Amino acid sequence: MSVFTASEVAAELRCSTRKVTETASAHGIGANLGGRAGYRFTEADKLALWEAMRPKVAAVVRRRRRAS
């Protein structure tokens, strides 16, 4: 079983290490070892982070026409 650091995951997801750690702590993903050790992620954690970082689909707002 391979374990990845936050910087390795950030490089793979093409984002910052800070974004990875903030998303991980907000969604409870990965293991925070604390201090300089930081976060560690498994393959399943990487997939969960990828899903958590996906842009949310905005609902289409339909506007009514004004009666004249």
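Contact means heavy atoms within 4.5 Å. The exercises below concern a predicted model, in which local features need pLDDT of at least 70 and side-chain atom pairs count only at pLDDT 80 or more, while totals for chains, interfaces and linings use all residues. Residues are numbered from 1 along each chain as its sequence is written, and side-chain values use heavy atoms, with hydrogens and water left out.

**Exercise 1. State which residues A52 contacts, leaving aside its neighbours within four places in sequence.**

Solution. Once those neighbours are set aside, A52 is in contact with T23, H27 and I29.

**Exercise 2. Describe how helix α1 and helix α2 are arranged, and list the residues that meet.**

Solution. 
Step 1. Two packed helices are described by the angle between their axes and the distance between the axes.
Step 2. Helices (H or I, at least four residues) and strands (E, at least two) are DSSP runs, numbered from the N terminus. Axes are lines fitted to C-alpha atoms, for helices over the stretch in contact, and angles run from 0 to 180 degrees between N-to-C directions.
Step 3. The axes of α1 (residues 6–13) and α2 (residues 17–27) come within 8 Å and cross at roughly 105°. α1 is therefore roughly perpendicular to α2, a term for angles of 65 to 115 degrees.
Step 4. On the α1 side, A6, S7, V9 and A10 take part, and they meet T17, V20 and T21 of α2.
Step 5. The residues of this contact divide into four nonpolar, three polar and no charged. Here Ala, Val, Leu, Ile, Met, Phe, Trp, Tyr, Cys and Pro count as nonpolar, Asp, Glu, Lys and Arg as charged, and the others, Gly among them, as polar.

**Exercise 3. Identify the residues of the largest nonpolar core and the element that gives the most to it.**

Solution. 
Step 1. A nonpolar core is a set of buried Ala, Val, Leu, Ile, Met, Phe, Trp, Tyr and Cys residues joined through side-chain atoms within 4.5 Å. Buried means under 20% relative accessible area, exposed over 50%, and partly exposed in between (1.4 Å probe, protein chains only).
Step 2. The largest such core has eleven residues: F4, A6, V9, A10, V20, A24, I29, Y39, F41, L49 and A52.
Step 3. At least two residues come from each of α1, α2, β3 (39–41) and α3. α1 gives the most, with three residues.

**Exercise 4. Locate A59 and decide whether A59 is buried or exposed.**

Solution. 
Step 1. A59 lies in the segment after α3 (43–53).
Step 2. A59 counts as exposed because its relative accessibility is 67%.
Step 3. From A26, A59 is 33 residues apart in sequence and 24 Å apart in space, C-alpha to C-alpha.

Key
Parallel < 35°, antiparallel > 145°, perpendicular 65-115°, else oblique.
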